[in-house]
Amino acid sequence: MALHPRPTIKPWLPKLWRDPDTIQIGIDPGGGAVVSGVDAATAHWLVGLDGSRSEAETLVAAAAAGLDVANAVGILSGLHRSGVLLSAPIDVDDVGDTGPLLPELVNLTTALTSPLHGGQAMTARGRQHIVIDGANRIGVPLGALLAASGVGRLSFLDAQPVRRCDAGVGGLSLDDEGEPRVTAAQRAIRRISALEQVLTHTAADEADLLVLCQPWTAHDPLQGRGMSERTAHLAVAVRQGTVVIGPLVLPGRTSCLHCAELHRTDRDPRWPALAAQLVAAPNRAMHEPTSVLASLAAALAAAQILDHLDGIRVPEVVQATLELRPPDWQLHRRSWPPHADCGCVEAVPDPIRAAG
Ligand SMILES: [Zn+2]
C-alpha cells in the first residue's frame, strides 16, 4: 500500500521561488521543504500534488511530463520526511460544514499527518459532553471556544441571574441582564456553533469533564456541592490578577485538588486557618477578572481541554497548574504531585516532568 494514497501538499503552505530553479514550500521552521533543480515541468508536476491522483498516477504523470521517475520518487520521499505531505486531501464532509470547525480539522490533520485521523479526532470531539460550573465571564467564553472547536455537548451549572458586570467578550451580553445565566449562556453558545447541543439538565456526573469556573479562593470547589469526585475535572480561575489553570484531575490516576491543599499546608502550616477565614468571608470584589484576563483564562483552559480530549499529548495541567500574570505575561508551570497523606492515587511520578 502506498504511503500516501493520494499525495497532497498541505494546501495552506505557500510555494515560493527562492531562485530560478529552487522552490520553497512553507515558511516556518519544522514545517517546510526546499526543492532544488526545479524546471518548468517539475514545477507544474508539484502543483499537481493536490490529492487528485493516486501515488501511482502521480508517477505516471511525472514520466509523461518527461521527468526522471526516480527523481520524482525522491521528491515525494523528501516532501514526506519534511512533513509537508498529507496522505490524502482533507474532506470537509468530516466536519459537516465549512464554518469554524474547518480550521480545527486542518489543525488536527497537521498534528496527526492524516486527514483520516483528523476526521476521527473531530468526530470524537463531537461526542464529548462537558459541564461548565459557572456561566460567568470565564465559563461562557470557554464554552464558546469549545463549541467552536467541535465539542458536541455542553451544559452549564449556575443558579444566578445575569448582572451587567457579567457581560464579556465571547460570552454574556448587556442585553442578558436579569435573565438566568444558564439561559443566556446557551444563547451565547448557539451564536458560534450551529451543531452545538446545549443541554439544559445539570447532570455533572454524566459529563466527560467538569470544568470548575466558579470563583473560589481557598477550598476544594467540589466539597459540599454534591458533585462527583469520580468525574474528571479541571479548575479554572483568575485569582488576584493571576490566571490559574489546573490541575486537571483524572480521578484515581493523577493528583487531586486536596493534594494541592496538603502541599500548601506543608509550606505554610497556618494555611488551613487562613483558608477557613477566606471561605467564611469571601471577598467578592476580587472575583471579577478583567476582560483580558478572562479571555486569557478561557483560551488557555480551552487549549488544555482540547489536548485532553484529543489525546495527542498529555496536557500541561495534569498534576500541575499553568499560571499567567502581568506584567511579564510569562507562562509558569507549577507542579502538584500526589501528596502522600491524601491517598487519592498511588504515588506516581509527574507524567510530564519531575516535581519542583
Ligand atoms: Zn489527592
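The exercises below work through helix packing and ring contacts in one predicted model.

Residues are numbered from 1 along each chain as its sequence is written, and side-chain values use heavy atoms, with hydrogens and water left out. Because the model is predicted, local features need pLDDT of at least 70 and side-chain atom pairs count only at pLDDT 80 or more, while totals for chains, interfaces and linings use all residues.

**Exercise 1.** Describe how helix 6 packs against helix 10.

Solution. Begin with the elements, which are DSSP runs numbered from the N terminus (helices are H or I, at least four residues): helix 6 covers residues 139–148 and helix 10 covers residues 291–310. Next take their axes, which are lines fitted to C-alpha atoms over the stretch in contact, with angles running from 0 to 180 degrees between N-to-C directions; here the angle is about 40° and the axes are 9 Å apart. Helix 6 is therefore oblique to helix 10, since angles under 35 degrees count as roughly parallel, over 145 as roughly antiparallel, 65 to 115 as roughly perpendicular and the rest as oblique. The crossing is right-handed, a term for the near helix being turned clockwise from the far one by less than a right angle.

Then list the residues in contact (heavy atoms within 4.5 Å): Pro-141, Leu-142, Leu-145 and Leu-146 come from helix 6, and Ala-298, Ala-299, Ala-301, Ala-302, Ile-305 and Leu-306 from helix 10. Sorted by class, this contact holds 10 nonpolar, no polar and no charged residues, where Ala, Val, Leu, Ile, Met, Phe, Trp, Tyr, Cys and Pro count as nonpolar, Asp, Glu, Lys and Arg as charged, and the others, Gly among them, as polar.

**Exercise 2.** Which residues of helix 1 and helix 3 meet, and into which classes do they divide?

Solution. Helix 1 (residues 40–47) and helix 3 (residues 69–81) pack at about 50°, with axes 12 Å apart, which means that helix 1 is oblique to helix 3. Their crossing is right-handed. Thr-42, Trp-45 and Leu-46 of helix 1 meet Ala-72, Ile-75, Leu-76 and Leu-79 of helix 3, and these residues divide into 6 nonpolar, 1 polar and no charged.

**Exercise 3.** What sits over the ring of Trp-271?

Solution. The charged end of Arg-264 does, 3.8 Å from the ring centre; the criterion is that NZ of Lys or CZ of Arg lies within 6 Å of the centre and within 35 degrees of the ring normal.

Key: Helices (H or I, at least four residues) and strands (E, at least two) are DSSP runs, numbered from the N terminus.
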